[in-house]
Amino acid sequence: MKNLLLSAMLVAAALMACTNKNQTKTEENMNTTLTLTQEWDKTFPKSDKVDHKKVTFRNRYGIELAADMYIPKAPLSSPEGDTSASKGNQAPLPSGGAGGGFFPALAVSGPFGAVKEQSSGLYAQHMAERGFITIAFDPSFTGESGGEPRRMASPDINTEDFLAAVDFLSVQENVDPERIGIIGICGFGGMAVNAAALDPRIKATVASTMYDMSKVNVEGYFESENTPQQRMEKRRALAAQRTEDFKAGTNKRAGGVIDPLPEDAPWFVKDYHAYYKTKRGYHERSGNSNDGWNVIGCQSFMNQPLLCWAQEIENPVLLIHGEKAHSRYFSEYAFERMTGKKVVGQSAKEGNKELLIIPGASHVDLYDDVAGVIPYDKMEQFFKENLK
């Protein structure tokens, strides 16, 4: 009996030691810090109207995310014209910009496969010039953010990245936690709509030139692969690639935007090339600018629909898309999911959900200011009306 008791005590001690060891390892992982580039390496010029700094925060999976924070230098102008809006009964805290006060805030991410030094940073800086504290963040597994293996995507984790950005903004001393919105660009437009359906702290959402990554992975473009047989072929190919990756101990990359560009490339591929493969939008950390996602990176989108609860979003959503964009049907589909109203090729509004179609604009025209069509005035109006 004594021997049995002694054995049990030794086993318990060993288990406790193992648990403590694992706990220490977890704590060490949680305390790792990212190495962030400090010089200005964006694809757009720095504004003298905002202050800029690097910040980090963690999502609920413990992945550390890197972001650029943009803070207005001009006094805060609230919808009521009060430049020192208080937060409840508290006195205004210093804002980091002139005038003090509590700012509305925005979290921005996308396009899918891009980094914060590209479109999302441009959007964030412009909106900061208009009176919002903003962060442009790299999603998990990409850019300067953490997460291994690199260049993976997840409908769950990438939606969570937006929620973690809201966590971070909610506790900033110069941010009003009741006035937080998000902007998702391209594939992160779909993630933004999904986040809005999940988290009512998000008081207003803009999805610009959005992709529904679930829809395109399941159906192909324009439902060109939308049969059970075609989906099974994709499943088999992804399963085979997983085996090969496991054998190799690494993940095969799918390749970024094609370069050199074939003469017979579809026009929207030429559109992507004009952005990601030229000085206009190239960035060394961008997957689209380089070797792309892992081949198996988007596998989970095959059976995890992003917009299944979009109809239950209570807060305002603005969908922005170019008239000539190959991807326009994704925003039209999202608008139909949210409102039950089918609209093709034109702007529409139903309740607090709006679809804005930009005449003559392509998908990539909404990535930067080259075409001069990004509706910053409209976005400013939308957020100021809905982040009160």
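Visitor: What should I know about the model and the numbering before we start?

Guide: This is a predicted model, in which local features need pLDDT of at least 70 and side-chain atom pairs count only at pLDDT 80 or more, while totals for chains, interfaces and linings use all residues. Residues are numbered from 1 along each chain as its sequence is written, and side-chain values use heavy atoms, with hydrogens and water left out.

Visitor: What volume does the largest pocket have?

Guide: About 940 Å³. A pocket here is an open set of points on a 1 Å grid over the protein atoms alone, where a 1.4 Å probe fits, with protein on both sides within 12 Å along at least five of seven lines; lining residues have an atom within 4 Å of a point. Points are joined across faces, edges and corners, and the volume is the space filled by probe spheres set on them.

Visitor: Which residues are closest to its centre?

Guide: Met213, Asn217, Tyr221, Trp293 and Cys298, out of 31 lining residues.

Visitor: Which helix gives the most to that lining?

Guide: Helix 7, with 4 residues. Helix 5 (213-219), helix 6 (228-248) and helix 7 (267-276) are the elements that give two or more. Helices are DSSP runs of H or I with at least four residues, strands are E runs of at least two, and both are numbered from the N terminus.

Visitor: How many of the lining residues are nonpolar, polar and charged?

Guide: The lining has 20 nonpolar, 9 polar and 2 charged residues. Ala, Val, Leu, Ile, Met, Phe, Trp, Tyr, Cys and Pro count as nonpolar, Asp, Glu, Lys and Arg as charged, and the others, Gly among them, as polar.

Visitor: And the second largest pocket, what is its volume?

Guide: About 230 Å³. Its lining takes 5 residues from helix 3, the largest share.

Visitor: On to rings. How many aromatic pairs are there?

Guide: A search of the whole structure finds 22. One of them is Phe132 with Phe383, edge-to-face at 6.1 Å centre to centre and 70° between the planes. Rings of Phe, Tyr and Trp (its six-membered ring) pair if their centres lie within 6.5 Å, with planes under 30 degrees apart called stacked, over 60 edge-to-face and the rest tilted.

Visitor: Where do those two Phe residues lie?

Guide: Phe132 is in the loop between helix 2 and strand 4 (133-137) and Phe383 is in helix 9 (residues 376-386), so the pair ties together parts 251 residues apart in sequence.

Visitor: Buried or exposed, Phe132 and Phe383?

Guide: Both are buried. Buried is under 20% relative accessible area, exposed is over 50%, and partly exposed is in between (1.4 Å probe, protein chains only).

Visitor: What about helix 2 itself?

Guide: Helix 2 (residues 119-129) is mostly covered, with 10 of its 11 residues buried. Gly131 follows the helix and has a positive phi, near 105°.

Visitor: Where does Tyr276 lie?

Guide: In helix 7. Tyr276 counts as buried because its relative accessible area is 0%. Tyr276 also belongs to an aromatic cluster that includes Tyr211, Trp267 and Tyr367.

Visitor: What does Tyr276 contact, leaving aside neighbours within four places in sequence?

Guide: Among them are Pro111, Gln118, Asn288 and Tyr367; contact means heavy atoms within 4.5 Å. The C-alpha atoms of Tyr276 and Asn288 are separated by 6.5 Å, with the two residues 12 apart along the chain.
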